[in-house]
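Please look at the sequence and the structure shown here.

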Amino acid sequence: MRNKIGRGNLLITLMSFLFISVLEWWAFSQHGTWGLYNWNYDYRYLLNIIIGLGFLMPAIVLVLWLLRNRLNSKWFRAGKVFLMVVSIAVFVASLAVTFFVVVPAYSLVDSTEPVLTVEPHSGSFGIPNAYIYFRTKTATVVSVQWGSNTGIHTFSDSAPTKEHFVRLSDLRPGTQYFYQVGNTDRKTFTTPLLSSTNTGTLVTFAVGSDFHYGGADEDSKERTQGLKTISNDSNINMFFMNGDIVDLGMTNKYWTRFFNDVNANMTTPIVPVLGNHDTLIGGLYHFEHYFYPKQVSIEDGNPLYHRIDVGNVHFLVLEVLWGTEEFTPSQKQWLESELKSIPQQDWVIVISHCFYYSSGDVETGREWSDHVDTTKQISPLFEKYHVDLVISGHNHHMELLSKDGVTYALDGVMGGGLPAPRTIISRYSKWLYADSRGFLEVVVKPNQAELIFKKDDGQVIQHFVISQNQQ
Ligand SMILES: [Fe+2]
Ligand SMILES: [Fe+2]
């Protein structure tokens with residue numbers, strides 16, 4: 001009798017193959033996965049095994065079919081048993097991944113604490129609007145009061161709802177505002193001065209990154225202290241949370257910890273910036289829903305890359321996670337058209353999670369220093385259009401670098417693990433510090449900016465003054 005694989009066996013194999021193929025397609029279609037594959041060789045190894053498992057089944061079928069007339073029935077049957085074991089194992093593993101990874105990736109936290117966020121849309125007085133957004137488990141009506149000495153606004157949901165959104169619009173420069181959600185404590189923040197004198201301050205902002213809520217080597221005490229320090233400094237008008245906010249973007253309990261901590265310890269409006277850890281497998285769905293609900297108006301760009309104008313100071317937030325994997329032709333085109341449109345005498349400050357020029361080390365098989373892709377594909381645009389300052393995280397240290405007129409700053413680490421010794425020093429490095437956690441504060445004036453690197457308790461580590469890039 002001729003050896004046959006059998007229709008039933010083929011059907012099971014085909015189902016398993018399709019199942020794992022769809023999962024692999026899904027995983028690689030998520031933002032950040034190609035970066036993970038390219039920049040972390042430990043995960044590349046794991047992903048290669050998973051991809052290999054998918055192709056093992058058709059390979060076994062092919063081998064059995066080619067040898068169907070050569071193998072005796074005993075060996076052929078053994079081959080079929082092996083095929084079934086692999087197919088059923090792959091099917092069960094795919095089912096487990098669906099339930100434990102894919103389903104949670106699309107399940108949002110029922111309730112989140114209110115957080116004040118900068119809206120990438122300016123009001124009538126040249127200051128970006130801000131909004132409070134939060135979710136409640138049951139549909140309720142929540143009232144929010146906000147205002148200043150000159151007037152108070154009261155907002156109430158028009159009907160019971162689980163999603164609450166309040167816009168604080170047309171904010172005036174140099175004004176202290178308060179906001180109060182329901183019966184909770186009043187919180188305050190101060191808007192940018194937009195001073196009209198030559199030496200006055202336009203805006204003061206802080207940038208911190210790599211919070212890693214939920215990470216194995218997080219320091220939650222120092223992270224919370226950092227939030228309090230920034231929040232208690234009424235000179236700081238906005239806080240860029242520059243990526244790697246949570247350790248795993250698809251894990252809701254980490255997002256809950258983030259919302260609880262920021263709600264309890266920070267009153268300054270935040271600008272959430274996407275990092276590679278925030279996107280991890282399916283995390284983007286959470287980031288977009290928690291920070292950029294449909295009511296948010298983005299004047300120029302999208303939730304992942306956009307422009308925020310504070311008078312003549314222009315922030316360009318980019319989606320650069322691991323490298324250039326998400327720096328698509330459309331993001332590049334957008335960046336170039338923004339850079340072209342901004343007058344030379346205005347400030348252009350780029351903020352992205354991943355770095356460009358940087359000192360670093362070798363991690364999981366790749367050099368995490370002077371980034372081989374971002375410096376080739378993105379930095380030339382910064383140089384061509386005389387970007388004044390580029391601030392990034394990803395490498396967990398503080399650094400100041402300068403290359404062809406562009407100043408690059410790494411804002412340090414604000415909760416995640418301290419870095420391993422920096423064994424590679426960039427030739428463009430002016431100053432490097434990796435001994436403690438902290439953040440960067442920037443005071444922007446018409447012709448120069450002060451860069452103050454601080455520890456989480458506010459102690460100054462180093463202070464620099466840079467001029468505008470007028471090359
Ligand atoms: Fe990080
Ligand atoms: Fe990162």
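Is aspartate 361 buried or exposed? Aspartate 361 is buried, with a relative accessible area of 5%; buried means under 20% relative accessible area, exposed over 50%, and partly exposed in between, for a 1.4 Å probe and protein chains only. This is a predicted model, in which local features need pLDDT of at least 70 and side-chain atom pairs count only at pLDDT 80 or more, while totals for chains, interfaces and linings use all residues. Residues are numbered from 1 along each chain as its sequence is written, chains are lettered from A and ligands numbered from 1 in the order in which they are written, and side-chain values use heavy atoms, with hydrogens and water left out.

The side chain of aspartate 361 forms a salt bridge with arginine 422, at 3.4 Å from N to O. A salt bridge here is a side-chain nitrogen of Lys or Arg within 4 Å of a carboxyl oxygen of Asp or Glu. This pair links distant parts of the chain, 61 residues apart: aspartate 361 belongs to strand β14 (residues 361-363), and arginine 422 to the loop between β18 (406-411) and β19. Such helices (H or I, at least four residues) and strands (E, at least two) are DSSP runs, numbered from the N terminus. Arginine 422 is buried as well, with a relative accessible area of 13%.

The whole structure contains 14 salt bridges. One of them joins lysine 454 to glutamate 441, with 2.7 Å from N to O. Lysine 454 lies in strand β21 (residues 448-455) and glutamate 441 in strand β20, 13 residues apart. Lysine 454 counts as buried because its relative accessibility is 12%, and glutamate 441 counts as buried at 6%. Salt bridges that share partners also join Glu218, Arg223 and Arg257 into one network.

Another salt bridge pairs arginine 437 with glutamate 222, whose closest N and O atoms are 3.3 Å apart. Here 215 residues separate the partners: arginine 437 is in the loop between β19 (429-433) and β20 (438-444), and glutamate 222 is in helix α5 (residues 220-232). Arginine 437 is buried at 9% relative accessibility, whereas glutamate 222 is partly exposed at 27%.

Helix α5 also takes part in a right-handed β-α-β unit, together with β8 and β9. A crossover is right-handed if, with the strands pointing away from the viewer, the path from the first strand over the helix to the second runs clockwise. How many residues of β8 are buried? Six of its six residues are, and β8 is mostly covered. In a regular strand the side chains alternate between the two faces of the sheet. On one side of β8 are Val203, Phe205 and Val207, and on the other Thr204, Ala206 and Gly208; all are buried, and both faces are covered.

Which residues are the protein donors of the iron ion (ligand 2)? They are Asp244 (OD), Asn276 (OD1), His353 (NE2) and His394 (ND1), lying 2.2 to 2.3 Å from the ion. Donors are N, O and S atoms within 2.8 Å of the metal (3.2 Å for Na, K and Ca); water is not among the atoms, so sites may look incomplete. The angles among the four donor atoms range from 85 to 168°, and the site is irregular. Four donors count as tetrahedral if all angles lie between 85 and 135 degrees; four count as square planar and six as octahedral if opposite donors are over 155 degrees apart and all others between 65 and 115; anything else is irregular.

The iron ion (ligand 2) lies 3.4 Å from the iron ion (ligand 1), and aspartate 244 coordinates both.
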